[in-house]
Amino acid sequence: MEHPCHSCRQTIEDGLPFCQHCGAPQIRVVTVEPLLASESGAAEGQSPRDLDAFHTTQHVSKVASAIAWSNALPACALAAAIAAALMALGLMVPFLAVVGTGFLAVGFYRRRNPGVPIKAGAGARLGAVSGLLCFGMSAVLELALAIFHKGALLRDKMFEAMQQAASRTTDPQAVAMLDYLKSPAGMAVMIVFVLIFAFVAFVVLSSLGGALGGIVLGRANRR
């Protein structure tokens, strides 16, 4: 069998590595262009409908992770107000109220956006915002109650607790610390420490409640 040389077009026999007339190599490497994503998916057995479903799933996932804060902030504020009022009135344990703040924020947000799915991550963000708002509202309510109603009673209870703790210890350093906490400067330090601890606790617990709300309400939405 013979074939023409790709360089000089002279006829040469098959199997020769070089042309006898011009010396051009006869072994050529053919490169294959990479397939597009749609073509590669179809080559692997995925139909265009499967690819459309895949892109739709990705779009839904992005929508679930995105939060419309214009609707989320009112929902978080309402949940925070309910929890702060329940704690101020003594109708609910603070731990449950703070966790419920995040859960309620997710529920109220779903009512304002019924067609938008919510996952655990988005629920945790809603819970964190509602916990921050709840902390601010609770701090204002507690400050108002302390000033107008039970400020002296709370101070007396704190002093009584510190005196009992001082009577139970003989450590000079512990006694000195308790005496310092009784002073105005010590009271200010203790209040700042309590506020920082409460702030972190509110945000963390409400985030957990929001994540739980995203999981539970997400399951209910899939049903």
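**View 1. Helices α3 and α4 crossing in a predicted model.** Here you're looking at helix α3 (residues 69-88) and helix α4 (residues 94-112), whose axes come within 8 Å and cross at roughly 150°. The cut-off for calling a pair roughly antiparallel is over 145 degrees, so α3 is roughly antiparallel to α4. The crossing of α3 past α4 is right-handed.

**View 2. Who meets whom between α3 and α4.** On the α3 side, the residues include Asn 71, Pro 74, Cys 76, Leu 78, Ile 82 and Met 87. Their partners in α4 include Pro 94, Val 98, Thr 101, Leu 104, Phe 108, Tyr 109 and Arg 112. Sort the residues of this contact by kind and you get 17 nonpolar, two polar and one charged.

View 3. A polar atom of the Ser 206 side chain lies 3.1 Å from the backbone oxygen of Val 203. Leaving out residues up to four places away in sequence, Ser 206 touches Val 98, Gly 102, Gly 127, Ala 128, Ser 130 and Gly 131.

**View 4. Ser 207, also in helix α7.** Ser 207 has a relative accessibility of 17%; the limit for buried is under 20%, so this residue counts as buried too. What does Ser 207 touch, not counting residues up to four places away in sequence? Look for Ala 124, Gly 127 and Ala 128.

Note on methods. Residues are numbered from 1 along each chain as its sequence is written. This is a predicted model: local features need pLDDT of at least 70, side-chain atom pairs count only at pLDDT 80 or more; totals for chains, interfaces and linings use all residues. Side-chain values use heavy atoms; hydrogens and water are left out. A polar contact is a pair of N or O atoms within 3.5 Å; within protein, one must be able to donate a hydrogen and the other to accept it, and residues adjacent in sequence count only if both atoms are side-chain atoms. Contact means heavy atoms within 4.5 Å. Helices (H or I, at least four residues) and strands (E, at least two) are DSSP runs, numbered from the N terminus. Buried means under 20% relative accessible area, exposed over 50%, partly exposed in between (1.4 Å probe, protein chains only). Axes are lines fitted to C-alpha atoms, for helices over the stretch in contact, and angles run from 0 to 180 degrees between N-to-C directions. Angles under 35 degrees count as roughly parallel, over 145 as roughly antiparallel, 65 to 115 as roughly perpendicular and the rest as oblique. A crossing is left-handed if the near helix is turned anticlockwise from the far one by less than a right angle, and right-handed if clockwise. Ala, Val, Leu, Ile, Met, Phe, Trp, Tyr, Cys and Pro count as nonpolar, Asp, Glu, Lys and Arg as charged, and the others, Gly among them, as polar.
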